[in-house]
Amino acid sequence: MIIGDFFMEGRLNLRNEKIKLNKKDARENKIYIYFIIFFLGCIVGFTYETILGIFHLGGLYSKQGLLIGPFIPVYGTGAVLFTVFLKNMKSKFNIFIASILICGILEYFYSFFQQIIFGTVSWDYQGELLNIDGRTSIVFAIFWGIIGVLYITYVYPTILEIISHFNEKAFSKIALVVTVFMSINILLTVATSYRQTMRYKGVKAQNGIDIFLDKYFSDEVLNNLYTNRIRKE
């Protein structure tokens, strides 16, 4: 009887673990996971840049990349790309190399298109060792390679584990709210930044939207928000 109870308990535990794993795997394939990861990545990036600024600049300076809130979207984008391309990799060396390539390419093209569209850049590695057009750096790419390994090995599994304990419907609604908020935030950021570029070029307000943006999002307001933005046309 005792032996039978032992094996029965073992089968139940195994079944519960299997259900838990299946639940986690199911969540992993949900699209809302990526929106949450983007959101969290933006916040972590802002926190990192703020701490870095304290050591480099000796004080607290706004490092945000979006108009509203403590978010830097390039970090959120990097976290999503890590998840999409690296989550099924087993070799830490392969993850390391892939992370270097992903972040090097991301940094380069993010900076390139920001300059093309807005005439600004948010970082400039000119003068840094092994930089590529000042847009990315081999040294920083190696750092991101290490981050990629840590993320896939420890952070991403932890995120999935935490999410697996939430009610799926409730969590999907939270993800929807986050997605709508971040989408509006990004659109406002693009609109205000583009209008600032037009002001810089001497283009007067053409409509009510331009007048509104000029009134509430002046150069002074935006320059105080984006302290690391450099005009480079």
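A salt bridge is a side-chain nitrogen of Lys or Arg within 4 Å of a carboxyl oxygen of Asp or Glu. The structure examined here, a predicted model, holds 4 salt bridges.

The chain comprises 233 residues, of which 37% count as buried. Its secondary structure consists of 8 helices and 4 strands, and from the N terminus on these elements follow the order α-α-α-α-β-β-β-α-α-α-α-β. Among contacts between residues at least 6 apart in sequence, 69% join residues at least 24 apart. The accessible surface of the chain amounts to about 14,200 Å², and carbon and sulfur atoms account for 69% of this area.

The largest nonpolar core contains 37 residues, and those with the most contacts inside it are Ile37, Leu86, Tyr151 and Met182. Two or more residues each are given to this core by H2, H3, helix H4 (92-118), H5 and H6. The greatest contribution is that of H2, with 9 residues. A second, separate core has 5 residues, including Leu67, Leu213, Leu222 and Tyr226. When residues up to four places away in sequence are not counted, tyrosine 151 touches Ile37, Ala79, Phe82, Thr83, Tyr156, Pro157 and Ile159.

Side chains of opposite charge can pair when their charged atoms come close. In this model, arginine 195 and aspartate 214 meet through their side chains in a salt bridge with an N to O distance of 2.8 Å. This pair links distant parts of the chain, since arginine 195 belongs to helix H6 and aspartate 214 to helix H7 (residues 208-216), 19 residues apart. Arginine 195 has a relative accessibility of 4% and therefore counts as buried, the limit for that class being under 20%. Aspartate 214, by contrast, is partly exposed, with a relative accessible area of 24%.

Aspartate 214 also forms a salt bridge with arginine 199, in which the closest N and O atoms are 2.7 Å apart. Here too distant parts of the chain are linked, with aspartate 214 in helix H7 and arginine 199 in helix H6, 15 residues apart. Arginine 199 in turn meets aspartate 219 in a salt bridge of 2.8 Å, N to O. That pair connects helix H6 with helix H8 (residues 219-225), the two residues being 20 residues apart. Aspartate 219 is partly exposed, at a relative accessible area of 32%. Through shared partners, the salt bridges join Arg195, Arg199, Asp214 and Asp219 into one network.

Several loop residues were also examined. Proline 70 is placed in the loop between helix H2 (32-57) and helix H3 (73-86) and is partly exposed, with a relative accessible area of 36%. Its contacts, not counting residues up to four places away in sequence, are with Cys42, Ile43 and Phe46. The C-alpha atoms of proline 70 and valine 44 are separated by 8.9 Å, although the two residues are 26 residues apart along the chain.

Leucine 130 lies in the loop between strand E1 (120-121) and strand E2 (131-132) and has a positive phi of about 55° although it is not a glycine. Aspartate 133, in the loop between E2 and strand E3 (136-137), likewise has a positive phi of about 55° without being a glycine. The relative accessible area of aspartate 133 is 45%, so this residue is partly exposed.

Serine 164 occupies the loop between helix H5 (138-163) and helix H6 (168-200). At 4% relative accessibility, serine 164 counts as buried. A polar atom of its side chain lies 2.6 Å from the backbone oxygen of glutamate 161.

Methods:
Residues numbered from 1 in each chain as written. Predicted model: local features only at pLDDT ≥ 70, side-chain atom pairs only at ≥ 80, totals over all residues. Heavy atoms only, no water. Buried < 20%, exposed > 50% of the residue type's maximum accessible area, 1.4 Å probe, protein only. Contact = heavy atoms within 4.5 Å. Areas by Shrake-Rupley, 256 points an atom, 1.4 Å probe, with all protein chains shown as cover. Polar contact = N/O pair within 3.5 Å; in protein donor to acceptor, adjacent residues only side chain to side chain. Core = buried A, V, L, I, M, F, W, Y, C linked by side-chain atoms within 4.5 Å.
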